[in-house]
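Here's a quick briefing to read with the model open on your screen. We'll go from the overall layout down to a handful of residues.

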Amino acid sequence: MFDNLKAMSQLGPMMAKAREMQQKMQETQARLPQIQATGSSGGSLVTATANGLMEILSITYATSAPLTDTELLADLTRAAVNQALRNVAQLVQNEMSQAT
């Protein structure tokens, strides 16, 4: 019986800690649209920017990008976008780990 009472007395601080963690996670999730990272390919011929919601915000092409070679341009774009997504995913992971 006393073990149960002891366990119940520890429940309050555990619940407070859980609420605190939940609040930090909600704050971090609210910041996701502001977290941004870029990725580039082809020596910065193509640059992509993504946010913490894994949305592509922009893709820019250098004036020297091979605009007539659509296959190469598609490969460079894909590589830049993938790098931007990997970079922002790492930033988001770091933010989330700080919240817990």
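Going from the N terminus, the elements of the protein chain come in the order α-β-β-β-α, which gives two helices and three strands. Bear in mind that this is a predicted model.

**Overall shape and surface**

- Taken along the principal axes, the box filled by the C-alpha atoms is roughly 80 × 20 × 15 Å.
- Of the chain's 100 residues, 24% count as buried.
- The chain exposes about 6,900 Å², and 56% of that comes from carbon and sulfur atoms.
- On the charge side, there are 7 positive and 8 negative side chains. The centres of those two sets sit 13 Å apart.
- Take the contacts between residues at least 6 apart in sequence: 51% of them join residues at least 24 apart.

- Helix α1 covers residues 2-31, and threonine 28 is part of it. Methionine 25 has its place in helix α1 too.
- Threonine 28 counts as buried because its relative accessibility is 2%, under the 20% cut-off.
- Methionine 25 comes out as partly exposed, at 25% relative accessibility.
- Leaving aside neighbours within four places in sequence, threonine 28 is in contact with Glu95, Met96 and Ala99.
- With sequence neighbours up to four places away left out, methionine 25 touches Met96, Ala99 and Thr100.
- Methionine 25 and serine 97 are 72 residues apart along the chain, yet their C-alpha atoms are separated by 9.4 Å.
- Threonine 28 and glycine 52 are 24 residues apart along the chain, with their C-alpha atoms separated by 10.0 Å.

**Strand β1, seen from glycine 39**

- Strand β1 runs over residues 36-41, and glycine 39 lies in it.
- Glycine 39 counts as buried, at 3% relative accessibility.
- Not counting residues up to four places away in sequence, glycine 39 touches Val46, Thr47, Ala48, Ala80, Gln83, Ala84 and Asn87.
- If you look back along the chain to glutamate 27, twelve residues apart from glycine 39, the two C-alpha atoms are separated by 26 Å.

**Strand β2, seen from threonine 49**

- Threonine 49 is found in strand β2 and is buried, with a relative accessible area of 13%.
- Apart from residues up to four places away in sequence, threonine 49 touches Gln36, Ala37, Thr38, Glu55, Ile56, Leu57, Ser58 and Ala84. For reference while you click through these, strand β3 covers 56-61.

- Which side chain makes a polar contact of 3.1 Å with that of threonine 77? The partner is tyrosine 61.
- Tyr61 also turns up in the list of residues that threonine 77 touches, along with Ser41, Val46 and Ile59, once residues up to four places away in sequence are left out.

**Two loop residues with positive phi**

- Serine 44 is partly exposed, at 44% relative accessibility.
- Methionine 54 belongs to the loop between β2 and β3. It isn't a glycine, but it has a positive phi of about 65°.
- Methionine 54 counts as partly exposed, with a relative accessibility of 39%.

Note on methods: Residues numbered from 1 in each chain as written. Predicted model: local features only at pLDDT ≥ 70, side-chain atom pairs only at ≥ 80, totals over all residues. Heavy atoms only, no water. Helix = DSSP H or I, 4+ residues; strand = E, 2+ residues; numbered from the N terminus. Buried < 20%, exposed > 50% of the residue type's maximum accessible area, 1.4 Å probe, protein only. Contact = heavy atoms within 4.5 Å. Areas by Shrake-Rupley, 256 points an atom, 1.4 Å probe, with all protein chains shown as cover. Lys, Arg positive; Asp, Glu negative; His and termini not counted. Charge placed at Lys NZ, Arg CZ, Asp CG, Glu CD. Polar contact = N/O pair within 3.5 Å; in protein donor to acceptor, adjacent residues only side chain to side chain.
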